[in-house]
Amino acid sequence: MAETKKKAVPKEKFQEEWKQEAGPIKEEKEAEQEAEETLEQLFEKLDDVTNKLESGETSLEESFRLYQSGMEMLKRCSDKIDKVEKQVLILEENGETHEF
């Protein structure tokens with residue numbers, strides 16, 4: 001009987017396939033973490049991103065990644081602020097809040 005050899009999968013291809021399979025799990029964990037972050041924590045992270053970008057010591061690729069990350073954080077900040085503003089707007093005389 002002839003033995004069949006399995007073809008070796010290149011390391012890069014294996015890692016890419018693994019990332020694709022693990023992607024949804026990672027995204028779910030990141031979404032949970034983002035929901036738990038306070039506005040103050042997001043502002044601190046945005047400040048760090050801004051400092052890194054202003055330092056001029058990052059590569060173009062890293063600067064672009066930082067910019068994207070910062071824009072995502074800015075959107076989360078805006079969403080959190082909007083939610084608080086809506087709660088304040090519908091605050092009743094007796095001090096109760098209602099969600100939309």
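Biologist: What share of the 100 residues in the chain is buried?
Modeller: In this predicted model, buried residues account for 12% of the 100 residues.

Biologist: And how much accessible surface does the chain have?
Modeller: The accessible surface of the chain is about 9200 Å². Carbon and sulfur atoms hold 54% of that area.

Biologist: How many helices and strands are there?
Modeller: The chain has 3 helices and 0 strands. Along the sequence, the pattern reads α-α-α.

Biologist: What part of the contacts with a separation of 6 or more comes from residues 24 or more positions apart?
Modeller: Such residues supply 50% of those contacts in the chain.

Biologist: Let us turn to H2. Which of its residues are buried?
Modeller: The buried residues of H2 are Leu42, Leu46 and Val49. They lie on the same side of H2, because the arc they cover around the axis is only 60°.

Biologist: Which residues are exposed on the other side of H2?
Modeller: Glu40, Glu44 and Glu54 are exposed there.

Biologist: What covers the buried residues of H2?
Modeller: The cover includes helix H3, residues 60–89.

Biologist: How far apart are the end C-alpha atoms of helix H2, and what span should its 17 residues have?
Modeller: Helix H2 runs over residues 39–55, and its end C-alpha atoms are 24 Å apart. At 1.5 Å a residue, the 17 residues should span 24 Å, so the two values agree.

Biologist: What happens just after H2, at glycine 56?
Modeller: Glycine 56 adopts a positive phi of about 75° at that point.

Biologist: A change of topic: which residues make the nonpolar surface patch?
Modeller: The patch is formed by Leu53, Phe64, Tyr67, Met71 and Leu74, and its area is about 490 Å².

Biologist: Which helix gives the most to the nonpolar patch?
Modeller: H3 does, with 4 residues. Phenylalanine 64, one of the patch residues, is located in helix H3.

Biologist: Where is serine 78?
Modeller: Serine 78 also belongs to a helix, namely H3.

Biologist: Why does serine 78 count as partly exposed?
Modeller: Its relative accessibility is 35%. Buried requires under 20% and exposed requires over 50%, so serine 78 falls in the partly exposed class.

Biologist: How far apart are serine 78 and leucine 39, in sequence and in space?
Modeller: Serine 78 and leucine 39 are separated by 39 residues in sequence, while their C-alpha atoms are 9.3 Å apart in space.

Methods
Residues numbered from 1 in each chain as written. Predicted model: local features only at pLDDT ≥ 70, side-chain atom pairs only at ≥ 80, totals over all residues. Heavy atoms only, no water. Helix = DSSP H or I, 4+ residues; strand = E, 2+ residues; numbered from the N terminus. Expected span 1.5 Å × (residues − 1). Buried < 20%, exposed > 50% of the residue type's maximum accessible area, 1.4 Å probe, protein only. Arc of directions from axis to C-beta. Contact = heavy atoms within 4.5 Å. Areas by Shrake-Rupley, 256 points an atom, 1.4 Å probe, with all protein chains shown as cover. Patch = residues over 30% accessible without salt bridge, like charges linked within 9 Å, V, L, I, M, F, W, Y side chains within 5 Å. Salt bridge = Lys/Arg side-chain N within 4 Å of Asp/Glu carboxyl O.
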